[in-house]
Amino acid sequence: MKLIKCNININPEPPFKDRISLMKYFFSIARLAAARSPCPLGKRHGAVLTNKGYIISVGYNGPASGITHCEKCLLEIEKEKSNIKSWDICPAIHAEENSILTAAKFGMNIDGLIMYTTKRPCEKCISRMINSGIKEVYFL
């Protein structure tokens with residue numbers, strides 16, 4: 001095992017005086033995960049999949065692994081042309097999907113688990129969560 005000290009400039013003290021609730025903890029992590037999105041519009045979407053108070057996986061919006069990120073947002077290009085945002089042209093995998101796929105990649109059973117998301121999931125993600133057996137979804 002390697003023990004590596006990181007010199008990253010972060011606030012050394014949490015901004016909380018008291019212990020935060022699990023719900024606030026999970027939502028804070030979901031918001032932080034959203035910041036990993038390479039897409040400007042995706043930076044609002046993060047998801048945390050939990051089991052009995054423990055984090056199983058985290059997801060954010062972005063293209064599939066190994067796929068080049070968009071130079072310019074395809075949704076914005078479409079909106080400039082037709083004044084309509086067609087989500088079907090966006091290559092991003094949603095935060096909720098990414099969290100489900102990450103759990104699957106590592107062999108985690110997600111039946112009966114709880115997800116926390118920064119936004120209300122879209123209908124496609126809701127369908128995927130139902131079929132995956134996720135029992136509750138909390139969103140901001």
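**View A. Lys-52 sits out in the open.** At 78% relative accessibility, Lys-52 counts as exposed (exposed is over 50% relative accessible area, buried under 20%, partly exposed in between, with a 1.4 Å probe and protein chains only). Look for Lys-52 in the loop between strand 1 (46-51) and strand 2 (54-60). Its phi is near 50 degrees, a positive value in a residue other than glycine. This is a predicted model, where local features need pLDDT of at least 70, side-chain atom pairs count only at pLDDT 80 or more, and totals for chains, interfaces and linings use all residues. Numbering runs from 1 along each chain as its sequence is written, and side-chain values use heavy atoms, with hydrogens and water left out.

**View B. Helix 3 (residues 95-105) meets helix 4 (residues 123-132).** Their axes come within 9 Å and cross at roughly 25 degrees (lines fitted to C-alpha atoms over the stretch in contact, with angles from 0 to 180 degrees between N-to-C directions). That makes helix 3 roughly parallel to helix 4, a label for angles under 35 degrees. On the helix 3 side, Glu-96, Glu-97 and Ile-100 make the contact; helix 4 brings Cys-125, Arg-128, Met-129 and Ser-132 (contact means heavy atoms within 4.5 Å).

**View C. The buried side of helix 3.** Ala-95, Glu-96, Glu-97, Asn-98, Ser-99, Ile-100 and Ala-103 are the buried residues here. They pack against strand 1, strand 2, strand 3 (114-117) and helix 4. Helices (H or I, at least four residues) and strands (E, at least two) are DSSP runs, numbered from the N terminus. After helix 3 comes Gly-107, with a positive phi near 75 degrees.

Technical notes:
Parallel < 35°, antiparallel > 145°, perpendicular 65-115°, else oblique.
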